[in-house]
Amino acid sequence: MNSNNLTFEEIICLHWAGLSNKEIMLMSCKDLDRLYEEREGEFEKLLDRAGQLLDKQEALGIQTLSWQDKLYPHGLKAIGQDAPPLIHLLGDSDLLNEPQAVAIIGARAADSAGLDAAYRLGQRYAEQDEVVVSGLALGCDAAAHEGCLSVLGKTIAIVASGLDITHPKEHVGLQSRILESGGLLLSEQLIRVKANPTRLIARNRLQAALSQAVILAQCPRESGSMKTMGFARKYKKKCFAVAFSQSSVKNGGNRLLIEESKAAPIIL
């Protein structure tokens, strides 16, 4: 991380120019000046476009932080060059540095047992005054958010689209209730950016980074949730998985992680 602060607009332009997060975070003002010279005229247009998008975000109540800011969350700083140079926030940003946060994750196509587990976990940890982190997806994510909200807890939804878009569309109401209850939406994407498989996987690392523990409610062996558990191990987080009394394809990921001692079992 260099001591030369880049503006939000410059960071966005560097991203549009194809630089990786790592390259952006190592960028010096001298390097930036060189790029300006190489792409004379082009950068001015990009800076203007970035400024317009940031103005529109601000009008929507969206706060933007860079990794250079004092308010940037410690959990993201701790993952070094895996961290996004910019994050965009809607809601109570104070939740980012709460000392107790747990990610509750799982498959979209969970069965009733998996959904019940996610809901009950959301309730349990909210009642213990922990912030519940999940991804606003269908299935276990939504159940975890709902369980948290049912006991008036605080929850963070980390999403893979810009914060002017609700993904999936079915969760417009849930997203509104998260905000109304004092929760937070977080994305590394600018407004107008739609979720896609690559962004959904990238979003998973942020769920792990912002939590002290990651709990798998339910997923099969091949699932994006398994990638989140991989990020959790990489970042040295506490890892747990619900242990089900009956084995099925739906909870195959849970069984695998428990059998390989990659997650401690939770019995509900």
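Leaving aside neighbours within four places in sequence, with which residues is Leu 216 in contact? The legends below, which refer to a predicted model, begin with that residue and its surroundings.

**View 1. Leu 216 and the largest nonpolar core of the predicted model.** Apart from its neighbours within four places in sequence, Leu 216 is in contact with Ile 105, Gly 106, Ser 225, Met 226, Met 229, Phe 240, Ala 241, Val 242, Gly 253, Asn 254 and Leu 257. The largest nonpolar core has 70 residues, and Leu 216 is listed among those with the most contacts inside it, together with Leu 6, Leu 14, Ile 87, Leu 186 and Met 229. Helix α4, which spans residues 42–59, gives the most to this core, contributing six residues.

**View 2. Asn 251 in the loop between β8 (238–242) and α11 (252–259).** Asn 251 counts as buried because its relative accessible area is 2%, which falls under the cut-off of 20%. The side chain of Asn 251 is joined to that of Arg 255 by a polar contact of 2.9 Å. When neighbours within four places in sequence are left aside, Asn 251 is in contact with Gln 218, Cys 219, Phe 244 and Gln 246.

**View 3. Packing of helix α6 (residues 112–127) against helix α7 (residues 140–150).** These two helices pack at an angle of about 35 degrees, their axes being 7 Å apart, and the crossing of α6 and α7 is right-handed. From α6, the residues Gly 114, Leu 115, Ala 118, Tyr 119, Gly 122, Gln 123 and Ala 126 meet Cys 140, Ala 143, Ala 144, Glu 146, Gly 147, Cys 148 and Ser 150 of α7. By residue class, the contact of α6 with α7 comprises eight nonpolar, five polar and one charged residue.

Key: Residues numbered from 1 in each chain as written. Predicted model: local features only at pLDDT ≥ 70, side-chain atom pairs only at ≥ 80, totals over all residues. Heavy atoms only, no water. Axes fitted to C-alpha atoms, helices over the stretch in contact; angles between N-to-C directions. Helix = DSSP H or I, 4+ residues; strand = E, 2+ residues; numbered from the N terminus. Left-handed = near helix turned anticlockwise from the far one by under 90°. Contact = heavy atoms within 4.5 Å. Nonpolar A, V, L, I, M, F, W, Y, C, P; charged D, E, K, R; others polar. Buried < 20%, exposed > 50% of the residue type's maximum accessible area, 1.4 Å probe, protein only. Polar contact = N/O pair within 3.5 Å; in protein donor to acceptor, adjacent residues only side chain to side chain. Core = buried A, V, L, I, M, F, W, Y, C linked by side-chain atoms within 4.5 Å.
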